[in-house]
Amino acid sequence: MVVGLSHRTASLDVLERASFDAAAAAEVVDALTASPHVDEVFVLSTCNRVELYCDVSRFHGAVADVGDALCRRIGLGVDQLGEQLYVHYEDAGVEHLFRVACGLDSMAVGESQILGQLRLALRDLHERGLAGGALDRLLQSALRVGKRAHSETGLDAAGASLVDAALTRAAGVVGGPLAGRRALVVGAGAMSALVATTFARAGLDVVVANRSPERAQRLAAAVGGRAVGLEDLRAEVAAADVVTSCTGALGHVLDVAIVAAALLDRPGRPLFVADLALPRDVDPEVATLPGVHLVDLEGLGADLAASAVADDLRSVRAIVREEVAAHAASLRAADVAPTVVALRAQARHVVDVEMRRLGSRVALDDTVRAEVDRTVHRIVEKLLHTPTVRVKELAEAPGGVGYAAALRALFDLEVGAGGGGGLPGDAPLSGTVADAVGRVS
């Protein structure tokens, strides 16, 4: 089950309030795994989505617990969030994650940075001792789907990146070619490195400002630029034509006072500012200053809405459908495995009982007894081989777990947890958390 919100459903203000750092993610994971309805959890928190993926034992109890956890983080109730908070379950949840892994659900259609976030989630699961669990298998599948989408289609070329969209906007604001203009990149993380590299390739002179001088110097050196400290922001904003910021800091790195002071040293020159951070680095009030053109993630996302090539998108969607079906088939096959194991165990038990009975009635030397034992076991194995192989094959088709149920009924098999399947109660495949909680109420 996945519960979350994204740029498609929520405002940037809500996404800012919902964002998780590592400590907050660990806290909510600990809280939810203490719930009797939730077995495993991982958090996916990026600049345009916050989602909690869970392996659950009961749908309604879990959706209430997970929804409450997200609402507490945001500081709003389910009734206040309304349609912004969504829930997907079973195959719909798997399909949603696969679409996310491919970049189909991103602001920048086709972006591959989300795969790095999924790898971090997988590493976190392993560090918590959950390797081999349901979410581990799901994440492994999602990473494979994402790799297929990028290697088997032209998706990489189909979707413009946020940085490309920012460059396009910047060219329109400053006028003329960008080559030779000065760009200030605030931050030295992964996104800032992508920005700096793209700007340098476009011919801009790059200046990197960061709280850590060492990281700023490494990034600046990699792109042939110059490094400065955050204390130099006013002077560097005044000298720049294009400014981007993505630091991950709490609070505004570029506030109205800094930018207004910088404008005094650059009269008449337009300034383009792109805020690529969540929470936002740039005070939205900066947009009210004369000559400043500020764009944030929402604005860039709107620019990218129709940028993908239809044929590539169709190909990726086909891959997602194929992989969702394959994942569901593998789960159905795994669901049948305990029934097959139980049937073979029952057969071995019957053979052992009958061999002991034979030994109590007929005197057999060890050689004859061993040969009779092997013969009987071979007969039973041959009788069971075809039905057990066939039930595994049939289980991979939709509704195939019914064959395993028939075996359990015919042979009166007792199978532990995992031999069932299907939706608990009237759980929906997709919808809003408000709807799901309303049904519980």
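The questions and answers below go through helix packing and strand pairing in this predicted model.

Residues are numbered from 1 along each chain as its sequence is written, and side-chain values use heavy atoms, with hydrogens and water left out. Because the model is predicted, local features need pLDDT of at least 70 and side-chain atom pairs count only at pLDDT 80 or more, whereas totals for chains, interfaces and linings use all residues.

Me: Is helix α5 parallel, antiparallel, perpendicular or oblique to helix α6?
Reply: Helices (DSSP runs of H or I, at least four residues) are numbered from the N terminus, and α5 covers residues 91–102 while α6 covers residues 113–127. Their axes, lines fitted to C-alpha atoms over the stretch in contact, are 7 Å apart at about 125°, where angles run from 0 to 180 degrees between N-to-C directions. Angles under 35 degrees count as roughly parallel, over 145 as roughly antiparallel and 65 to 115 as roughly perpendicular, with the rest oblique, so α5 is to α6 oblique.

Me: Which residues of α6 make the contact with α5?
Reply: Contact means heavy atoms within 4.5 Å. From α5 come Leu 97, Val 100 and Ala 101, and from α6 come Ile 114, Leu 115 and Leu 118.

Me: Which residue in β6 is the bridge partner of Arg 182?
Reply: Strands are DSSP runs of E, at least two residues, and two of them pair if DSSP finds at least two bridges between them. Strand β5 (residues 182–186) and strand β6 (residues 205–209) pair in the parallel sense over five bridges, and in β6 the partner of Arg 182 is Asp 205.
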